[in-house]
Amino acid sequence: MFIAFFLDLRKAGLPVSITELLSLLRALEKRLSSFDIQAFYYLSRTALVKDERYYDRFDQVFSETFNGLESDHSLEEIFSQIPEEWLRKQAEKLLSEEEKQKIQSLGGWEKLMETLKKRLEEQKEEHHGGNKWIGTGGTSPFGAYGYNPEGVRIGQHESRHRRAIKVWDKREFRNLDDSVELNTRNIKVALRKLRKFARQGSEEELDLDDTIRSTASNAGYLDLKMVPERHNAIKVLLLLDIGGSMDDHIRICEELFSASKTEFKHLEHYYFHNFTYEYLWKDNKRRFDEATPTMEIINRYPSDYKIIFVGDASMSPYEITYPGGSVEHWNEETGAVWMTRLLTAFPSAVWLNPDPEHNWDRRPSNKITRELMGNRMYSLTLEGLESAIQSLLRKPVLVPQ
Amino acid sequence: MDNQHFKSTNNYVATEELSMAVNAAITLERPLLIKGEPGTGKTQLALEVAKSLGAPLIEWHIKSTTKAHQGLYEYDAVSRLRDSQLGDDRVHDIANYIVKGKVWEAFAADNRAVLLIDEIDKADIEFPNDLLQELDRMEFFVYETKELVKAKNRPLVIITSNNEKELPDAFLRRCFFHYIRFPELETMQQIVNVHFPSLKQDLLSEALGIFFEVREISGLKKKPSTSELLDWIKLLLSEELDASTLREEDSNNILPKLHGALLKNEQDVHLFERLAFINRRKQGQ
């Protein structure tokens, strides 16, 4: 059962390993959780799940695996929960005088309960996970006495099990699951992965190891060695779509922007509207008098800059593929041509899309953009951001011309 | 056996799930990784666990410059160099220049110690990987003296993280993990009771009401946490405010009394004022 549970967890995409399963089994062996399913839930969660983002998925799998099975969990407890009064009454109502005599011959009510208990235990082993503990076959005395587990509703009391189920069925950790909820801090943490440390510039740190080594080889006379400080050598060109359909996503873009500003030492940003054409601009208020020719940007920045486009890529397809398609001005060359130029100049690039991924296929412009980008479009969620960063750190693929 | 198990103490409220995680870590002698919103008592947990186990607590606070080997030991080459140039006799024994780190201290303790590695995510990304073997086998090798340091008693290692960096999988696999969720009203009440036993019930419920209302506001940059609630209540008590003053609606000032303890951000204060204002107007209509 544990193995099935374990495999289900893996199927659900939780990174659980055999080491963790073994440590859970070891904990069970040490009786850390006895027959209480709630304790088992806490124990298995603490042993198997190592990131709160996976709590929700864990809860779902747990609920699938163990709901319904739970009645199997502690027979002892459930049995003690069947009110004896009720059983006795039920029996008296159903039993004929003759049968009552037979009970007496079996050794009385106490004896009967004991046999019933034993029988329940035996049947549990045979059925293992089934719900029909007590058969209706005529040979069992219990069947004959009309004992009906349906009526008793074993395991369906408002018991503590009931409450326990709720803990995982509540799914309180839903929000933590690679949350759509992005904030500046989240983004910063994600962006931190986009790092490549390099020692460049003036030598200002004492390199202790090298100093010791060269002092030793210098027969004990101090020989100081310096190295340059480590810096994040990643350079980023952030191109943001602004206005129009992007108004819905302003907040998230602001947050991405403010997070990246503090995270990268070399960060340049420009705005565009819907798609890239011959001009980009730095200040959206003065876009018409202070635009920078795209050609100049291509020439100004070295090709190791990584481009991050941020936009919803939803527009009329003409805005990409036709000259003069731009909604704002007459463009001599198509947006696609400009995009290809940018991508050729800066091979390492991604497109972050704040529009939810399930909308993408509905928009033809999105499809065209993805083709131009060589499929490097990612949704602007934590998960998407992480894949985008991974893609930026890989060796860039060449864009089909 | 009794002191082997961790439960809520007189001044710390541990939920059932948290105690389970701690007990699992104690029994299987594995490190316990604790995450959670800032101010939910992650560091406090180590103090309380140590107290309830009657074990010494060894704290290792991590900074961005902390290296893994600093927790094990450091070879003080500079003093040795100085001693050698001064002709000190100590210089001949390298062991004189090995400075024990926190992990070594925990390994060397006569009784089982509780080792707190606080805010592990502050350190370099490679930091946890560098400690894998040491935490797993509870031993390490001192190259300078060719000595194997082995834990006399495996310490209980409690590691806290604020999620600033992801921890490597290999490291996670060796730990138990618990995420301290933000407490619910009921747990919160217990927590406040533990800290302010003589607090009047009506003031408490009024304060908690306001507190959770503030937390509900979406868009706050920094939601107030447990430690902020406790600070706020301390302030309320020292100002000798009572429930009725707290409830009192003051048309000139819509912010909760002494809000500085709860809202620590100018934008948040503005946001709150704006929302409260809108709310007021709606009610007025």
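Setting aside neighbours within four places in sequence, Glu228(B) contacts Lys222(B), Lys223(B), Ala261(B), Leu262(B) and Lys264(B) (contact: heavy atoms within 4.5 Å). The model is predicted; local features need pLDDT of at least 70, side-chain atom pairs count only at pLDDT 80 or more, and totals for chains, interfaces and linings use all residues. Residues are numbered from 1 along each chain as its sequence is written, chains are lettered from A in the order in which they are written, and side-chain values use heavy atoms, without hydrogens and water.

Glu228(B) sits in helix 11 (residues 226–238) of chain B. Its relative accessible area is 6%, so Glu228(B) is buried (under 20%, 1.4 Å probe, protein chains only). A polar atom of its side chain lies 2.7 Å from the backbone nitrogen of Ser225(B).

Between the chains, 40 residues of chain A are in contact with 31 residues of chain B. The buried area is about 3000 Å², with 56% from carbon and sulfur atoms (accessible area, 1.4 Å probe, lost on putting the two parts together, summed over both). On the chain A side, Leu32(A), Thr46(A) and Lys50(A) lose the most area to chain B, together 20% of what that side buries.

The two chains share 3 salt bridges (a side-chain nitrogen of Lys or Arg within 4 Å of a carboxyl oxygen of Asp or Glu). Glu52(A) forms a salt bridge with Lys35(B), the closest N and O atoms being 3.2 Å apart. Helix 3 of chain A gives the most to the side that touches chain B, with 7 residues.

Conventions
Helices (H or I, at least four residues) and strands (E, at least two) are DSSP runs, numbered from the N terminus. Buried means under 20% relative accessible area, exposed over 50%, partly exposed in between (1.4 Å probe, protein chains only). A polar contact is a pair of N or O atoms within 3.5 Å; within protein, one must be able to donate a hydrogen and the other to accept it, and residues adjacent in sequence count only if both atoms are side-chain atoms.
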